Amino acid sequence: MSITEKDLEKIVSQVVKNIEDAIGNNNFQISQNPITSKPAAMNLKGVFEGVEAAVGATAEAQKQLMRNYKIEDRQRFINAIRKKALENTEKMSEMGLKETGMGNLKDKIIKHKVVAELTPGTEILETDAYSGDNGLTIEEMAPFGVIGAITPSTNSSETIISNSIAMIAGGNGVVFNPHPSAKNTSNFAVDMINRAIIEEGGPENLVTSVLNPTLDTVDAMIHHPEIKLLCGTGGVQLVKKLLSSGKKAIGAGAGNPPVIVDDTADIPKAAKDILDGATFDNNIPCIAEKEVFVVEGAADDLIYYMLQNGAVMIDRQQTEALMKTILTEKEDVKAASCSGGKPRKTYGAAKQWVGKDAKLILKEIGVAYKEETRCILCEVEGDHPFVMTEMMMPILPIVRVETVEEAIESAKKAEGGNGHSAIMHSKNIDHLTKFAKEIGTTIFVKNAPSYAGIGVGGEGFCSFTIAGPTGEGVTNARSFTRRRRCVLAEGFKIV
Ligand code: NAD
């Protein structure tokens, strides 16, 4: 009898399952090998089967961090995490791409590099001091303890690395609940971070996660008494959930960043910058350009230069076909019952097309493309579903407007009050100021690709957790600390 590779896989898989059943839910893990996806026994450091065990281990590690280590030790651990992350940049990028099927390798490598290099460490913490006749008072940034962090599928290991550096810099431990569809890549990063800390003599399990994250494990994490702060990076539902938890929560939610181009802009540069931002990792970053409002006088030139830069314009019929392919349609019955009208149609992005290459999408709708094609353009009205829906695909709806004022009004509607990111290409200071004030987003980028807003080709530090709804902005170690006052006083003398 001959045994095929398939038979072998089945046998190994059954053996792994038997061992898993026998071990129960302790902190020894058997998991799928995240690289080959073939069943393999593997001990991933910091990855636990249950939330309870993960939180318990991190709570213990965080106590050790406070008792036995100094701030300079935290910085040493962070330096080691940066080093290991840079060594594993390609591996994590490949894993993330393979596991989620979203984005592209070249840009994922850049994303991992910037989080490793540009996420601030302990140097960003500040102590305020007040001294005078009555003594000395200091206010310092102290840890919360154990943070529960929920991470997205779109920047999986990137967010784990960025959050870990910032949270450890603040003196915290962190338990992650990664997105289920990016769990292997995320848990690889958790293991890597633990190894970096342990090799530097630090406590094991300062960073942990769950092997099989689900909505139930999110719930268990939210309600665990040892979790003192929640941090969620993801869509609207996640942020809503965290904000209704009764605990302090940092919510980094959805965006739908509009771009405005006026006729004072450097149009060839604007065209290239917009496409560079909108096609970065196939448009999955929350900050990426999602729709363009261009004043009539600049529109033809902008489109011309976009076509020179790897864009393809589709016509009305092709736009209809594209809509049917990449959007899912639902009827908002609730809104109708409130208004007494007909159910309103709302749209969402069809999951299988999120983060896919422009050429694949064009092929699906039968439109010709070139090797260098990277973005799909279509001209639409300001309230078109492509404008109003956060699609996360390399598709840019272009809306012509008469004036900058009209552009600003339409851009505000498209942004939907998310308060996330917006971009403008203009040399008119009044226009730039007006849009920035009106849209009020956490990130506002002028005359550059959107990613300049997180330190890529722009000044400032990087984070992949941009907390608009709760106000921390582009998060860093300070966001994950609480203020504590320590007073040395003369005492009040009664005369
Ligand atoms: P997602 O909301 O589907 O998932 C994010 C995380 O939340 C996952 O771990 C998921 O399991 C969990 N989750 C989802 N719905 C939940 C619910 N109802 N209750 C509890 N947990 C829930 O998001 P995604 O597809 O992974 O990422 C894309 C979205 O995230 C986009 O909307 C994007 O704009 C946003 N995003 C925002 C930022 C930011 O910094 N503001 C960064 C990255 C992504």
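Start with strand β16, residues 375-379. Is it mostly covered or mostly open? Mostly covered. Four of its five residues are buried. One reminder before we go on: this is a predicted model.

Now, what sits beside β16? Take strand β13 first, residues 311-314. Four bridges join β13 to β16, and the two strands run parallel.

Next, strand β17, residues 395-401. β16 and β17 also pair over four bridges, in the parallel sense.

A word on pairing in general. Strands of a sheet pair through backbone hydrogen bonds, either parallel or antiparallel.

Let's zoom out to the whole sheet. How many strands does it have, and in what order? It is an open sheet of seven strands. Read the order with me: β13-β16-β17-β12-β11-β18-β19. The pairing is parallel. Which strands are at the edges? They are β13 and β19, with β19 covering 443-446. Each of those two pairs on one side only. On average, neighbouring strands of this sheet are turned by 25 degrees against each other, ignoring direction.

Move along to the β19 end. Strand β18, residues 421-425, is joined to β19 by four bridges, and the two run parallel. Look for A422: it stands opposite F444 in β19.

Helices pack here too. Helix α17, residues 429-439, packs on the sheet. It touches β11, β18 and β19. Its direction makes about 165 degrees with that of β18. Then there is helix α10, residues 267-279. α10 lies across β11, β12, β13, β16, β17 and β18. It runs at about 175 degrees to β11.

Now leave the sheet. Here is a helix pair. Two packed helices are described by the angle between their axes and the distance between the axes. Our pair is α5, residues 105-118, and α6, residues 156-169. Their axes come within 9 Å and cross at roughly 5 degrees. Angles under 35 degrees count as roughly parallel, so α5 is roughly parallel to α6. Which residues make the contact? From α5, they are K111, H112, V115 and A116. From α6, they are S157, E158, I161, S162 and I165. By class, that contact has four nonpolar, three polar and two charged residues.

Is I81 buried or exposed? Its relative accessibility is 0%, so it counts as buried. Leaving out residues up to four places away in sequence, I81 touches I165, I168, I193, A196 and I197. Take I197 from that list. I81 and I197 are 116 residues apart in sequence, yet 7.1 Å apart in space, C-alpha to C-alpha.

Last stop: T217, in helix α8, residues 215-223. Buried means under 20% relative accessible area. T217 is at 13%, so it counts as buried. What does it touch? With residues up to four places away in sequence left out, T217 touches V51, N177, V210 and N212. Pick out N177. A polar contact of 2.6 Å joins its side chain to that of T217.

That's my tour. Thanks.

Conventions
Residues numbered from 1 in each chain as written. Predicted model: local features only at pLDDT ≥ 70, side-chain atom pairs only at ≥ 80, totals over all residues. Heavy atoms only, no water. Buried < 20%, exposed > 50% of the residue type's maximum accessible area, 1.4 Å probe, protein only. Polar contact = N/O pair within 3.5 Å; in protein donor to acceptor, adjacent residues only side chain to side chain. Contact = heavy atoms within 4.5 Å. Pairing = 2+ DSSP bridges. Axes fitted to C-alpha atoms, helices over the stretch in contact; angles between N-to-C directions. Parallel < 35°, antiparallel > 145°, perpendicular 65-115°, else oblique. Nonpolar A, V, L, I, M, F, W, Y, C, P; charged D, E, K, R; others polar.
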